[in-house]
Amino acid sequence: MQRHVPRRARRFGLSPGRRAAVRRLLTRPPQRSTAAVLVLLVLVVGVASARNGAVPLTSVVPLVLVGALLLRLTPMLVLAVATVLALVASVLLRAEHRGPVTPSLVVVIVLTTLMAVQFARGREQLGLTGYLGEAMLVDLRDRLLAQGRLPQLPPGWHAEGLVRPAHGDAFSGDVLLSCLVGERLEVALVDVSGKGQDAGSRGLLLSGALGGLLGAVPPHEFLPAANRYVLRQGWFEGFATAVHVAVDLTSGTVSVASAGHPPAVHAHGATEAELLETSPGPPLGLVPSAGFPAVGATLAPGDALLVYSDGVVEQRDVDLGDGIGALVTRLLSLAPGARAGALAGLVDDVAPGEADDRTALLLWRDAA
């Protein structure tokens, strides 16, 4: 049965096939024709700049930048060679007719060309083409980070999560995952060893893999399964600490298991708090068939549970125990009715720097 399409949509809209063609054109532009046009324009600019000065030599810069966005490495190298030839020709011809080219202009063009080649080389290593190719990585990151978005909880329960990569980067070595299975909330906070791009890439990998495990296996099997997965990766000096929390939202019972992670904090109202410590298992990826014993607790009305990465409590000039103590004190300073929206300020007060990734989750119940 043929669907009715309004005349205006037929006139101004694009069919799915045409939209796909436009996307292919943007993400995978024809390399030979694009490179040929850019090379020709670069050579024309070089000669015109030397002959009559009608076109400034700096016009090659935007052409090189366009090539960096659209071309693969080999066509980009051809464009770089053409740019150098145009620059040399312009220097020689201009010296005869219109005076020498300034050294600063030569430096700008050469540096721009080198940066463009390096940009194309990096994209070639990723197997991406077209100037929209990098959007795939951003989309992947957003899809994986969406697994950490906290689900809608039943009345009386509240939760806030926070992930702050070091130095304001877009990628983090900390992973926060959550899911709601019936009346059971499960949360996993994973802290990958290392810093920078290496930790961020491994964090993305774990986010996808462990996000698929969370809620799909019984709570007591999550950390053993995660440990087996990390071991299979064979990372050189790569491991991760983790904490897994399972909360029965009907009874308030909590089960916390740790893999070399700092202890969770259980606040009893705003009067006292305890660390949910047991004999933690080793970090993920170090010991095959490791055990991860859990510790239990009950969140009564008005109580709160806080899990966090070591970047929140471990500072260069502060002992780990002192950092945890400061975190507990700051948590108890919050009245049960003032916890909403307070997690970011709490983390900033305890760990104001950006030298490490800082991740935390605060879960609490309304007071009776």
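These are my notebook entries on what I looked up in this structure, which is a predicted model.

**Entry 1: the whole chain**

I started with the overall counts. The chain has 368 residues, and 43% of them count as buried. I found 12 helices and 10 strands listed for the chain. Next I checked how far along the sequence the contacts reach. Among contacts between residues at least 6 apart in sequence, 70% join residues at least 24 apart. I also noted the surface: the chain exposes about 19,100 Å², and carbon and sulfur atoms supply 60% of that area.

**Entry 2: the sheet with S1 in it**

In what order do the strands of this open sheet stand? I read the order as S1-S10-S9-S6-S7, five strands with antiparallel pairing. Strand S1 (157-164) and strand S7 (272-276) are its edge strands, and each pairs on one side only. On average, neighbouring strands here are turned by 15° against each other, direction ignored. A reminder for myself: strands of a sheet pair through backbone hydrogen bonds, either parallel or antiparallel.

Then I went through two of the pairs. S6 and S7 run antiparallel and are joined by five bridges. In this pair, His266 has Glu274 in S7 as its bridge partner. S6 and S7 form a hairpin, with three residues between the strands. I looked at the turn too, where Gly269 has a positive phi of about 60°.

The other pair was S9 (residues 304-308) with S10 (residues 358-365), antiparallel over five bridges. Here I located Val307, whose bridge partner in S10 is Leu361.

Which helices lie across this sheet? Helix H11 (residues 320-332) lies across S6, S7, S9 and S10, and runs at about 140° to S7. Helix H12 (residues 343-350) lies across S1, S9 and S10, and runs at about 45° to S1.

**Entry 3: the sheet with S2 in it**

I found another open sheet of five strands, in the order S2-S3-S4-S5-S8, with antiparallel pairing. Strand S2 (174-181) and strand S8 (294-298) stand at its edges; each has a single partner strand, so one side of each is left without a neighbour in the sheet. The twist from one strand to the next averages 15°.

Val256 stands opposite Val295 in S8. Helix H9 (residues 219-233) lies across S3, S4 and S5 of this sheet, running at about 165° to S4.

**Entry 4: the nonpolar cores**

I keep one general point in mind: in soluble globular proteins, nonpolar side chains tend to be buried together. Which residues have the most contacts inside the largest nonpolar core? They are Val42, Leu71, Met76, Leu79 and Ile109, in a core of 24 residues. The elements giving two or more residues to this core are helices H3 (31-51), H4 (60-70), H5 (73-97) and H6 (103-126). H5 supplies the largest share, seven residues.

Not counting residues up to four places away in sequence, Leu79 touches Leu38, Val39, Val42, Leu63, Val64, Gly67 and Leu71. Apart from this core lies another one, of 23 residues, among them Cys179, Leu223, Ala257 and Phe292.

**Entry 5: helix H3**

I checked the length of H3. The helix has 21 residues and reaches 30 Å from its first C-alpha to its last, close to the 30 Å expected at 1.5 Å a residue. I then listed some of its buried residues, including Gln31, Thr34, Ala35, Leu38, Val39 and Val42. An α-helix has 3.6 residues a turn, so residues three or four places apart point the same way.

**Entry 6: two single residues**

Is Thr112 buried or exposed? Thr112 counts as buried because its relative accessible area is 16%, and the cut-off is under 20%. I found Thr112 in helix H6. Leaving aside neighbours within four places in sequence, Thr112 is in contact with Val61, Val64 and Leu65.

Asp357 sits in the loop between H12 and S10. With a relative accessible area of 8%, Asp357 is buried too. Leaving aside neighbours within four places in sequence, its contacts include Arg164, Pro165, Ser172, Asp174 and Ser309.

Key: Residues numbered from 1 in each chain as written. Predicted model: local features only at pLDDT ≥ 70, side-chain atom pairs only at ≥ 80, totals over all residues. Heavy atoms only, no water. Pairing = 2+ DSSP bridges. Helix = DSSP H or I, 4+ residues; strand = E, 2+ residues; numbered from the N terminus. Axes fitted to C-alpha atoms, helices over the stretch in contact; angles between N-to-C directions. Contact = heavy atoms within 4.5 Å. Core = buried A, V, L, I, M, F, W, Y, C linked by side-chain atoms within 4.5 Å. Buried < 20%, exposed > 50% of the residue type's maximum accessible area, 1.4 Å probe, protein only. Expected span 1.5 Å × (residues − 1). Areas by Shrake-Rupley, 256 points an atom, 1.4 Å probe, with all protein chains shown as cover.
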